[in-house]
Amino acid sequence: MKGQMMSKADTEKALPELKDIETLLKDVEAIEQAADEWHMSRLEAVNACMELIDDLPVLVEEPIRTVHHLACTGGTLITKCLASMPNVLMLNEVDPLSRLIQNPKAPSFTPTDMIALAAQGDFEIDNSVRIEMFLVALEALKSRMEQVGRVLVLRDHSHSHYNVGDSIPNRPTFREIVAKKYRVCSVVTVRDPIDSFLSLRNKGWNSHFTPSDFNEYCCRYLAFLDGYPNTEIIRYEDFIEKPEDVAAQMCEHLELAFIPEFKSIFFQFHFSGDSGRGGDVIKKHPPREIGDLKSEIKASESYKILVDRLGYAPRA
């Protein structure tokens, strides 16, 4: 009856009909309609809505943004450009389950890294503990960033997951780890696999997996893509061709503010993994010479599947 406050449960039940309480509060006719339906005065209807806004959790949670790519695919350049967007804090090459550089016989100096310190002790911490430690730290940082109006973007180290060891370990992807606790917005970036493998081999990083040949690389590349289904895929070559358009596309998928001025400031960021050709201008480089890799390319069925999946033209 009129004059009786609507219960919180009844107001929550009415929420789907209201769709957007804050919009309702700005619409006098809608307030009058709601007051009639709820059998209360307009003031009581407004108060009921305000209480609901105060008591309910945020309807759209601020996400964690994640960026995924393999080594030598142009990922550091793209990461620098995303780091240039307004209010972004970029965490670079993150993977709480990585075993790439941890060697108990030759401990590294990592005074601020609790996971690495625990791994260098006399007890092997399992993946569940690593994930728990990582999410606790991420929660503290995310909370602080929200207080100061900044957003987190995490570039993972997919190389640690997919291109290290005799086989790909059975473990959660980085996106799955973060999604245990947060809403996640993600993009995957890729590059012509011939160019990326040649660059990887030139640095000796193909020795991280066995066998270290081109076909194995393509098999692992396909597994990486399978690990991130239904995720927007951005080609490095498209980004180089039209950096503003593609950067705007990435920002839309990551729910980031976009500024075209990123092209004049991206080079000021310095991140680990910066193994490419560098420079302060985004420009196209000629494809690498195939050379002695030609026979491996021709023999690789996985390569044919991979380029078809990514939309590249076969080069051998």
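Predicted model: local features only at pLDDT ≥ 70, side-chain atom pairs only at ≥ 80, totals over all residues.

Visitor: In what order do the strands of the open sheet come?
Guide: Strands of a sheet pair through backbone hydrogen bonds, either parallel or antiparallel. Here the pairing is parallel, and 5 strands form the open sheet. Their order is β2-β3-β1-β4-β5.

Visitor: Which strands stand at the edges?
Guide: Going back to the order, β2-β3-β1-β4-β5, look at the two ends. A strand there has a single partner strand, so one side of it is left without a neighbour in the sheet. The edge strands are β2 (88–94) and β5 (232–235).

Visitor: Over how many bridges do β1 and β4 pair?
Guide: Strand β1 spans residues 64–68, and strand β4 spans residues 184–190. As one place to look, Val-67 stands opposite Val-187 in β4. The two strands pair in the parallel sense, and the number of bridges is 5.

Visitor: What angle does the direction of α11 make with that of β4?
Guide: Helix α11 packs on the sheet, where it touches β1, β4 and β5. With the direction of β4, its own direction makes about 160 degrees.

Visitor: Are α11 and α15 parallel or oblique to each other?
Guide: Helix α15 takes in residues 301–310, and its axis is 8 Å from that of α11. The two helices pack at an angle of about 40 degrees. Angles under 35 degrees would count as roughly parallel. This pair is therefore oblique.

Visitor: How many charged residues are in the contact of α11 with α15?
Guide: On the α11 side, the residues include Leu-222, Leu-225 and Asp-226, and on the α15 side they include Glu-301, Leu-306 and Arg-309. By class, the contact has 10 nonpolar and 2 polar residues, and the charged ones number 3.

Visitor: Is the crossing of α10 and α11 left-handed or right-handed?
Guide: Helix α10 (residues 193–203) and helix α11 (residues 214–227) have axes that come within 11 Å and cross at roughly 120 degrees. Where they meet, Phe-197 and Leu-200 are among the residues of α10, and Tyr-217 and Tyr-221 are among those of α11. The contact divides into 7 nonpolar, 1 polar and no charged residues. As for its hand, the crossing is right-handed.

Key:
Residues numbered from 1 in each chain as written. Heavy atoms only, no water. Axes fitted to C-alpha atoms, helices over the stretch in contact; angles between N-to-C directions. Helix = DSSP H or I, 4+ residues; strand = E, 2+ residues; numbered from the N terminus. Left-handed = near helix turned anticlockwise from the far one by under 90°. Contact = heavy atoms within 4.5 Å. Nonpolar A, V, L, I, M, F, W, Y, C, P; charged D, E, K, R; others polar. Parallel < 35°, antiparallel > 145°, perpendicular 65-115°, else oblique. Pairing = 2+ DSSP bridges.
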